[in-house]
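Here is a friendly walk through the contacts of one protein model, written for someone who likes cut-offs spelled out. Please keep the structure open beside the text.

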Protein chains: 2
Amino acid sequence: MGYDPFMSSVSQGLQSSQYNPYAEEHNPLAGAGASYYGAQNTYSTPSQPLQYHLYYPLAPIRDTLQPYQRAVFDLFLPESLREDLQKKAEAARQVLASQPGVQSPSLQHYHSLVPLDIKLKNTPGIFGLPTWVWKATSRKNGNVYCLRRVEGFRLTNEDAIKAVNSWKKISHPNIVTTVEAFTTRDFNDSSLIFVHSYHPLSKTLAEHHFPVTTNRFSRPGPVPEKVLWSYLVQLSSALRVIHKAKLAARCIDISKVILTDKNRIRLSACSIFDVINFDAHRRVEELQQEDFFNLGKLVLSIGTNTSPRNMQDLRTLLEQLGRNYSEELKERVAWLLSAPQQQYMTADQLIRDLALHVDDVFVSSSNAYDEAVNHLGRELENGRLVRLLAKLGTINERPEFDGDPNWSETEHRYMLKLFRDYVFHQVDTQGNPVLDLGHIISCLNKLDAGTEEKIYLTSRDHQSTFLVTYRELKKQVQSAFGDLQKGNTKQQQQTSRGF
Amino acid sequence: MGYDPFMSSVSQGLQSSQYNPYAEEHNPLAGAGASYYGAQNTYSTPSQPLQYHLYYPLAPIRDTLQPYQRAVFDLFLPESLREDLQKKAEAARQVLASQPGVQSPSLQHYHSLVPLDIKLKNTPGIFGLPTWVWKATSRKNGNVYCLRRVEGFRLTNEDAIKAVNSWKKISHPNIVTTVEAFTTRDFNDSSLIFVHSYHPLSKTLAEHHFPVTTNRFSRPGPVPEKVLWSYLVQLSSALRVIHKAKLAARCIDISKVILTDKNRIRLSACSIFDVINFDAHRRVEELQQEDFFNLGKLVLSIGTNTSPRNMQDLRTLLEQLGRNYSEELKERVAWLLSAPQQQYMTADQLIRDLALHVDDVFVSSSNAYDEAVNHLGRELENGRLVRLLAKLGTINERPEFDGDPNWSETEHRYMLKLFRDYVFHQVDTQGNPVLDLGHIISCLNKLDAGTEEKIYLTSRDHQSTFLVTYRELKKQVQSAFGDLQKGNTKQQQQTSRGF
């Protein structure tokens, strides 16, 4: 058997923690494995100082497009995800136009209030009092929150509002976090304000599954069973955390559960009933049993496409659910709707009964996470390139260096100007501009990495050419930018950190 | 009660699907809600054409830093996550240095093989035959895969390798996906090659929990119980999918389970035993029961910090596990290790017993997903800015326009040059350069949005000034870039799509 080139044994250089990929000079044998792999150095893998190929190579593997089928857009995020994130960011930033003579409203340290309700008149909802919802920006930290005003509630017992404190500690991916609550007289009445975290462009399950439509034939199709199980699992998981904290949700209703992402729901408006019904002094165990009943009603309502106010005959609706969905779902909902027997129902028991569906939802969630991290890997490079482009922008063509001998045609820094031409101002044989984003990005990545690749730079008058490596260019960028920073006063040096 | 500015009822503009935030001209009343909200237009919310404030405002809410405490780095990814993703991308791209006279190895359509083993000599592992692992790039689609060679295996039955086909259909976040398997004579023997998806910089549980160390006092501390439950849940979830497909994992071993992210494990090397032990014709039910036993052994081994080859007395080790961890964990492991009674154990049963822990892992997974999407929102803007900066780079200072009247000091496009100075070449009162990344990014975002904000641009000789809106500048960028594109030949226009 001949020499086997596969028999070399080399670890991937980065596994040794001492290796610093950002160091200027690399000695490939200086890592932890140096003595161990010393004899193997004909095969030591030269880990590039910084990768200079295009973008994250770890995309989802399943698609097998040919290289020529890939567009430049593949290097960036899928447009649907980008659009979704953009719209959410935009909704979070939305402000009301200021009107002459009208003071822009604010409540305590919350300013820039924007109403989120789309109703024109306000009838009392499940809280028994009219409520209003806004998004607002906190002056304390600049974050955006959701404010809910309960109109005309007079707080008679100071302890009532302290009930919110237990809710502040609840943090769960399927519960909208409660931030604080306070009373206000800014509306010329006694109002209660509840502050929750804000999820932009979310819809309530009522809006999603029972859209207001004038055409009764355009009713939505049946909800897939998988979605119903997913709702059930997510709300059960939320109830488990809530009940464990000796609280009750009290507001499991299609108008109070919001959809914040595909099939991802969150229980909102928590803690409100704890304050406004504080004086009723109902036992928490009793309220927890009601949570289960309301959860069953919610799933039944969506599964049978029946608005909650039309749900008088639960037995008939259960039969209907059984016809359209599996026996197991019907049983689970029937259990939730049943009166508790000798023992109270518990959320742990519910989760145990749903175990296999919890596992299914867990698998979907893990897959969604993997996909998000893959996208993140692809977008990652862009932040680095923005910083590099900004750096180059500050260096080239500064008016104060017009006529400066350092930038004259014989000096080294002149090359950065020629490099700029090389990157951005390529022309073809007919003198037409070549607009190739791939070329620009690959040049910039190589510059950032400082690779040993050599390029020819030609002066604009074609009289002189330079052969230069990216490594030398990188050093010139660093020294030129360093000179600019030295020109800064001390106070401004702080602001140049971003580069 | 006076006029209440809070009583206006306006939906957030983007909820109407007809609204196009990318349109050049906006009529705020043209959306779907126009007739509905027509009377309210004193309060119609002017949704900005494209947001021009800085970056995604939906960061995790919990931290309450003051504005002055935030660094420019807050606008980008956390460095630890960035470094982790960079290192993974770099590992995926690593290549062997080419040696003179040595042909770079390749196998079928896989090229650029890089060994992943760190062992120097190869003793037969759990497969009974020596194996070698590489990463390789597919010539078909450019993706990176993990190749495992089983040395010296002679395939006697063609059906054996077809066993891999069932594995190809298994897709689960805790299983390394099997891609294909083939035989090769490239090593001058009969070798089997298994192709799996590649997870860069992953470690086996053996490497993670039983690191090779010369200092016996530096042994790792006990593994938290939460981690053990998480491993148990993830592998049970994997087994559930595998057993459902009438397969058995057959390789649940600390050397074959890899850690690809924090506490995230994947079962690797699936399908290999199905091929090499094909002739043994063992019943799949029996093999599935062995999976449960091996799973119990794996958790016991990590929980008691005992290497599998030292696990002779399982009963004593179970006692030890019970002393350090909860009774429930001990019971679960004891159940896995027990011989099946009347009925075979099933993965469904296991998941039901683990239900509450499945829920815990589900909550962690959802939180991780939310965090990843938040990061994605922040990185999102950078991709857009790279494209804009590249566009500006191609326009300004082109040598072929030296002396072109369109670019003379009286024409409109001259402003783009002055704008460039305004963005990048700010100086303070002493004439020192101001290097403020915040200024650069905010100017570029406003340019991209084409806002109505006006800026003063001053010529370099301070003789002329222009008052111009970002909207006008944006139009000039578009027309200047359009002119460049017209100069392109048809073939090259395709490559300018990336902008």
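With which residue does Arg149(B) form a salt bridge? The partner is Asp189(B), and the closest N and O atoms are 3.3 Å apart. A salt bridge here is a side-chain nitrogen of Lys or Arg within 4 Å of a carboxyl oxygen of Asp or Glu.

Before going on, a word on conventions. This is a predicted model, in which local features need pLDDT of at least 70 and side-chain atom pairs count only at pLDDT 80 or more, while totals for chains, interfaces and linings use all residues. Residues are numbered from 1 along each chain as its sequence is written, chains are lettered from A and ligands numbered from 1 in the order in which they are written, and side-chain values use heavy atoms, with hydrogens and water left out.

**Around Arg149**

Arg149(B) belongs to strand S3 of chain B and Asp189(B) to the loop between strand S4 (178–184) and strand S5 (191–197), so their bridge ties together parts that are 40 residues apart in sequence. Helices (H or I, at least four residues) and strands (E, at least two) are DSSP runs, numbered from the N terminus. Both Arg149(B) and Asp189(B) are buried; buried means under 20% relative accessible area, exposed over 50%, and partly exposed in between, with a 1.4 Å probe and protein chains only.

Arg149(B) also has its charged end over the ring of Phe187(B), 3.8 Å from the centre. For this, NZ of Lys or CZ of Arg must be within 6 Å of the ring centre and within 35 degrees of the ring normal. In chain A, Arg149(A) lies over the face of Phe187(A), at 3.8 Å from the ring centre.

**Other salt bridges**

Side chains of opposite charge can pair when their charged atoms come close. Over all chains, the structure holds 32 salt bridges, and the table gives some of them.

| Salt bridge | N to O distance |
|---|---|
| Asp370(A) and Arg264(B) | 2.8 Å |
| Asp348(B) and Arg240(B) | 3.1 Å |
| Arg149(B) and Asp189(B) | 3.3 Å |

Asp370(A) sits in helix H12 (residues 355–395) of chain A and Arg264(B) in strand S8 (residues 264–267) of chain B, so this pair joins two chains. Asp370(A) and Arg264(B) are both buried.

The salt bridge between Asp348(B) and Arg240(B) links distant parts of the chain: Asp348(B) is in helix H11 (residues 347–353) and Arg240(B) in helix H6 (residues 225–244) of chain B, 108 residues apart. Asp348(B) is partly exposed, with a relative accessible area of 30%, whereas Arg240(B) counts as buried at 9%. Salt bridges that share partners also join Arg240(A), Asp348(A), Asp359(B) and Asp360(B) into one network.

**Aromatic pairs**

Rings of Phe, Tyr and Trp (its six-membered ring) pair if their centres lie within 6.5 Å; planes under 30 degrees apart count as stacked, over 60 as edge-to-face and the rest as tilted. The count comes to 16 aromatic pairs over all chains. One of them is edge-to-face: Tyr110(B) and Tyr145(B), at 5.8 Å centre to centre with 80° between the planes. Tyr110(B) lies in strand S1 (residues 110–115) and Tyr145(B) in strand S3 (residues 144–150) of chain B, so the pair ties together parts that are 35 residues apart in sequence. Both tyrosines, Tyr110(B) and Tyr145(B), are buried.

Phe127(B) and Phe273(B) have ring centres 5.0 Å apart and planes at 50°, so this pair is tilted. Phe127(B) lies in the loop between S1 and strand S2 (131–138) and Phe273(B) in helix H7 (residues 272–276) of chain B, so the pair ties together parts that are 146 residues apart in sequence. Phe127(B) counts as buried at 7% relative accessibility, and Phe273(B) counts as buried at 12%. In chain A, ring pairs link Tyr110(A), Tyr145(A) and Phe182(A) into a cluster.

**Nonpolar cores**

A nonpolar core is a set of buried Ala, Val, Leu, Ile, Met, Phe, Trp, Tyr and Cys residues joined through side-chain atoms within 4.5 Å. The largest has 105 residues, of which Leu205(A), Leu298(A), Leu300(A), Leu205(B) and Leu298(B) touch the most other members. A second, separate core of 62 residues includes Leu437(A), Tyr470(A), Leu418(B) and Leu444(B).

**Strands of chain B**

Two strands pair if DSSP finds at least two bridges between them. S9 (residues 454–458) and S10 (residues 465–469) of chain B pair in the antiparallel sense over 5 bridges. S9(B) and S10(B) form a hairpin with 6 residues between them, and His462(B) in the turn has a positive phi of about 60°.
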